[in-house]
Structures are given as structure tokens and as C-alpha cells.
Amino acid sequence: MATMADLDDDGQQAEYEPGSGILVVFGRQLKRLREWARMERPEFGAKTGYSPATIASFEQGRRIPPPAFIDKADEVLGAHGVLKEMKEEVARAQYPAFFRDAARLEAKAVELHVYATQAVPGLMQTEEYARAVFGMMKPPLDEDVIEQRVAARLARQEIFVRRPAPLLSFVIDESVLLRPIGGRTVLQGQLEQILLIGQKKAVEIQVMPLGQVENAGLAGPFTLLGTKEGHRIAYVEVQNMSRLHTSRDGVRALEHKYGTLRAQALAPKESLAYVEKVLGKS
């Protein structure tokens, strides 16, 4: 069974590899095209809206270029799509190496079901909450890595405006809603965001009460995905060790568990009412 990280919602520190892989390939191509165009970094930077130092970072594979820059660079350098063709792979580099395949699957999923026990699922996190999660990691992450992780996490929330809308459901342990990650003000903003997301037609949010005598999810959080091709995939996570399940038996077992969790949790309307109650006390 292949191993892969879950959706990285608990912010565990991951391998970060600037100066390697697709970023190096892109950087070399960018530099080669710029030199062929007989353009120095200051001139190229002025035409694309970036400083010479930033252009150097892109060319050396030390910084991830945003999609808008790639489009503009391709146009300015007359690359005829050479740079644009790498845009998707470059975008994936913003995630930890172990999460890149999961991000690709998530971005194309037609349904997604999440059971969360430690923190609000990354897909629903506010910028402040996400920054607080990454900021408390030990060993600590560098500030630029934190900002990269936050930006990448927020970008994943495009899933809520995608059309056709994927079916999304979340079962969140009550303790998650009471844990003041980032402080009371950050938690309040996070609870408000959960309520807003819970109003979306294709989203159902349920709370697993701490007082529930039976809880089928004591083994920990996991995520279920469905693709338009009909494939069923599951991710399970323990600390920073995760496993990808693609076998029908393995996925079916977690699907059964998730169905039981939904039956044990508060109904969606009751869950949102509970979140409102917590918000009133925060």
C-alpha cells in the first residue's frame, strides 16, 4: 500500500524542498528564455511587475512563481506556451512534497467527506486560523514557509465555488470547536466561517458531541474522496504518517465508518445551531 499524507489539516511540519524538482526546471527555462530575449532582470522585472531579486529567486528555484507571473512571463518572453504548460506542476510545488498528489485529487474530486478531530478542516480554515495552526508547529516553520502554506490552504477553498459543485460533508468533533487555536478572536472568526460554509447547498456539516456515548471515529481523522471516473479513495492520518487506501475493501471499511459517524453526530441543522451557540459564548 502506498503511503501519502492526509489533507494536512493539523499543520504537521512537512518536507519543504526549495531549489529542487519542478521549480528548478521552471527556473532554468525562465532564465534561458529571458537570455534568448536579451533581457536583463531589471527590464524583465519591470515588464512583469517584479523586482530583479524576485526574478532571480524564480530563476534559481528558490521561490514559487504565482500563476499570474507565469502567464505574463510567457507573453513577455514570447514563449508560446512553454512556461504556461508548467503552470499546474509549479502550482503543486506550493504544497509539501507528500501532499501534492492529494491536492491534485482533491482539486478534481466530485465528492469529499472529512472527519476532523484535532483542528477545523483545512478547507474551512480562515487565514488567521490557518496561520495560527502553522505558527505553533514544532520544530517551527520559517515565516516564508508559513505564508506559503497559508496561501496554499486558502487556494484550496476554490472547491466551494467550483461548478458543477462537488458534494461536501464534514463531521467535526465538538472539541475542535471549543479549542481556541490562535485565541478567542481567531476562533470567533473561524466559527463564523463555518456557519457561512454550512449554508451552501452542496455542503453538510455535522458536529460529533463530546457527550455521545458511542463514537466510531476514535481511531482518528480520515478523508474520503470520489472522482468523476467513479474511483473511491481514502486517506488516514496518524501524526505526520499517512496512508492512501485505494483497495475497495479498505475504502469500504472507512465509508462504513463514516456513515456510522454521521448517524452518531448531530444532524446538520442541529450542528449549525450548536456552532451558533458556541459563537455566542466565544
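Phe222, Leu224 and Gly226 point one way from strand 4, Thr223 and Leu225 point the other way, and all of them are buried. Buried here means under 20% relative accessible area, exposed means over 50%, and partly exposed is in between, using a 1.4 Å probe and protein chains only. Strands (E, at least two residues) and helices (H or I, at least four) are DSSP runs, numbered from the N terminus. Strand 4 covers residues 222-226, and because 5 of its 5 residues are buried, it is largely enclosed by the rest of the structure.

Before going on, a word about the model. It is a predicted one, where local features need pLDDT of at least 70 and side-chain atom pairs count only at pLDDT 80 or more, while totals for chains, interfaces and linings use all residues. Residues are numbered from 1 along each chain as its sequence is written, and side-chain values use heavy atoms, with hydrogens and water left out.

**Strand 4 and its partners**

Which strands pair with strand 4? Strand 1 does, in the antiparallel sense over 5 bridges, and strand 5 (residues 232-238) also runs antiparallel to strand 4, joined by 5 bridges. Two strands count as paired if DSSP finds at least two bridges between them. To find your way along these pairings, look for His113, which stands opposite Leu224 in strand 4, and for Arg232 in strand 5, the bridge partner of Gly226. Strands 4 and 5 form a hairpin with 5 residues between the strands, and there Gly230 takes a positive phi near 90°.

The structure holds 6 aromatic pairs. Rings of Phe, Tyr and Trp (its six-membered ring) pair if their centres lie within 6.5 Å; planes under 30 degrees apart count as stacked, over 60 as edge-to-face and the rest as tilted. Here are two of the pairs:

| Pair | Centre to centre | Angle between planes | Type |
|---|---|---|---|
| Phe44 and Phe69 | 6.1 Å | 70° | edge-to-face |
| Phe222 and Tyr258 | 6.2 Å | 80° | edge-to-face |

Ring pairs link Phe44, Tyr50, Phe58 and Phe69 into a cluster.

**Helix 4**

Phe69 leads us to helix 4 (residues 67-76), whose buried residues are Phe69, Ile70, Ala73 and Asp74. Seen down the helix axis, they fall within an arc of 130°, so they line one face of helix 4. That arc is taken from the directions from the helix axis to the C-beta atoms. An α-helix has 3.6 residues a turn, so residues three or four places apart point the same way. On the other side of helix 4, Ala68 and Glu75 are exposed. What do the buried residues of helix 4 pack against? They pack against helix 1 (21-36), helix 2 (41-48), helix 3 (52-59) and helix 5 (87-92). After helix 4 comes Gly78, with a positive phi near 60°.

**The nonpolar cores**

A nonpolar core is a set of buried Ala, Val, Leu, Ile, Met, Phe, Trp, Tyr and Cys residues joined through side-chain atoms within 4.5 Å. The largest one has 44 residues, of which Met124, Phe160, Phe170, Leu177, Leu191 and Ile205 touch the most other members. Helix 10 (residues 184-198) gives this core its largest share, 6 residues. Apart from this core lies another, of 18 residues, among them Leu30, Met39, Phe58 and Ala93.

Leaving aside neighbours within four places in sequence, Gln264 is in contact (heavy atoms within 4.5 Å) with Met208, Pro209, Gln212, Glu214, Asn215 and Ala216. Thr126 lies in the loop between strand 1 (111-116) and helix 7 (127-135). Is Thr126 buried or exposed? With a relative accessible area of 10%, Thr126 is buried. Not counting residues up to four places away in sequence, Thr126 touches Leu154, Gly189, Gln190 and Gln193.

**The whole protein**

Stepping back, the protein has 12 helices and 6 strands. Of its 282 residues, 50% count as buried. Among contacts with a separation of 6 or more, 75% come from residues 24 or more positions apart.
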